[in-house]
Amino acid sequence: MPLIDTHTHLDFEDFADDRDAVLTRCAAAGVERIVVLGVHRANWERVWQLALDKPAIHAALGLHPVFLRDHQNEHIAQLRDWLLRLHGEQKLCAIGEIGLDYYVEELDRERQQHLLEAQLELANEFALPVLLHVRRAHAPMIATLKRHRLKRAGIVHAFSGSLEEALEYIRLGYKLGLGGAGTWPQAHRMHRVLRQLPLESIVLETDAPDIAPHSHAGQRNSPEFLPDICRELAQRRGISPEELAAASHHNSCELFRWAS
């Protein structure tokens, strides 16, 4: 059951002591590709070096809204320089993690919006998909994506919105990233939405080290848990894990233009 983890932060210090062991366990579990995302200027080198060093890892680079205080005006120009230098590199798969976060009230929304739109423009310039962070901001995000129609769309990471919001993203060409949150018994709305989503719009993720699945409650999340997430989500949807894994694998390869 080959799997692709479309969203992780495997470069974080949480994995400093056992990253190689985690990757070995991932390979044994069938997790054949892992996307690691940049979140601020200071971790791009680390993310890119991981992608160069580890065959399973692919990199995305971006400026995450939660780290708004770390971002400087010149970082957009620096991101463009990185994308220009890495243009055509197979290990660079997307721009991300970028987006809007209205859950953290002290984050300046106007500045978030400016940062998001600047990075969407880069995505179109370099014909790369985007990996989107959206918390309590689906309406402004959907409105923004309607104004910035991307050549390759992308993934709405950790999707937990309504069916109506899901369908809006799907109409715009986006995949929906599903992970550990949907495995919890109390996630009733997510279970209802999951049962109605078209399989061609679903990709799987862990968001490691965050959002551990119910089967690993209280633990550091890890891409090696992706098979468990797949099994639990498949059960919620009423299909086999193999069917969900195959759909996610196909959708991920199609988005990132990888051989399946």
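Which residue counts as partly exposed at 22% relative accessibility? The residue is D18; buried means under 20% relative accessible area, exposed over 50%, and partly exposed in between, computed with a 1.4 Å probe on protein chains only.

This is a predicted model, in which local features need pLDDT of at least 70 and side-chain atom pairs count only at pLDDT 80 or more, while totals for chains, interfaces and linings use all residues. Residues are numbered from 1 along each chain as its sequence is written, and side-chain values use heavy atoms, with hydrogens and water left out.

**Stop 1: strand β3**

Select residues 57-61, which form strand β3. Helices (H or I, at least four residues) and strands (E, at least two) are DSSP runs, numbered from the N terminus. Because 5 of the 5 residues of β3 are buried, the strand is largely enclosed by the rest of the structure. In a regular strand, side chains alternate between the two faces of the sheet. Here I57, A59 and L61 lie on one side and H58 and A60 on the other, and all are buried.

**Stop 2: the neighbours of β3**

Two strands pair if DSSP finds at least two bridges between them. V36 has A59 in β3 as its bridge partner. From β2 the chain passes through helix α2 (residues 44-53) to β3, in a right-handed β-α-β crossover; with the strands pointing away from the viewer, the path from the first strand over the helix to the second runs clockwise.

Next, select strand β4 (residues 92-101), which is parallel to β3 and joined to it by 3 bridges. In β4, I95 stands opposite L61.

**Stop 3: salt bridges**

The whole structure contains 14 salt bridges, each a side-chain nitrogen of Lys or Arg within 4 Å of a carboxyl oxygen of Asp or Glu. Select D11 and R46, whose side chains meet in one of them (2.9 Å, N to O). D11 lies in the loop between β1 (3-8) and α1 (19-29), and R46 lies in helix α2, 35 residues apart. D11 is buried at 1% relative accessible area, whereas R46 is partly exposed at 38%.

Finally, return to D18 and select R220 with it: their side chains form a salt bridge (2.9 Å, N to O). R220 is in the loop between β8 (202-204) and α8 (226-237) and D18 in the loop between β1 and α1, so the pair ties together parts that are 202 residues apart in sequence. R220 is partly exposed, at 29%.
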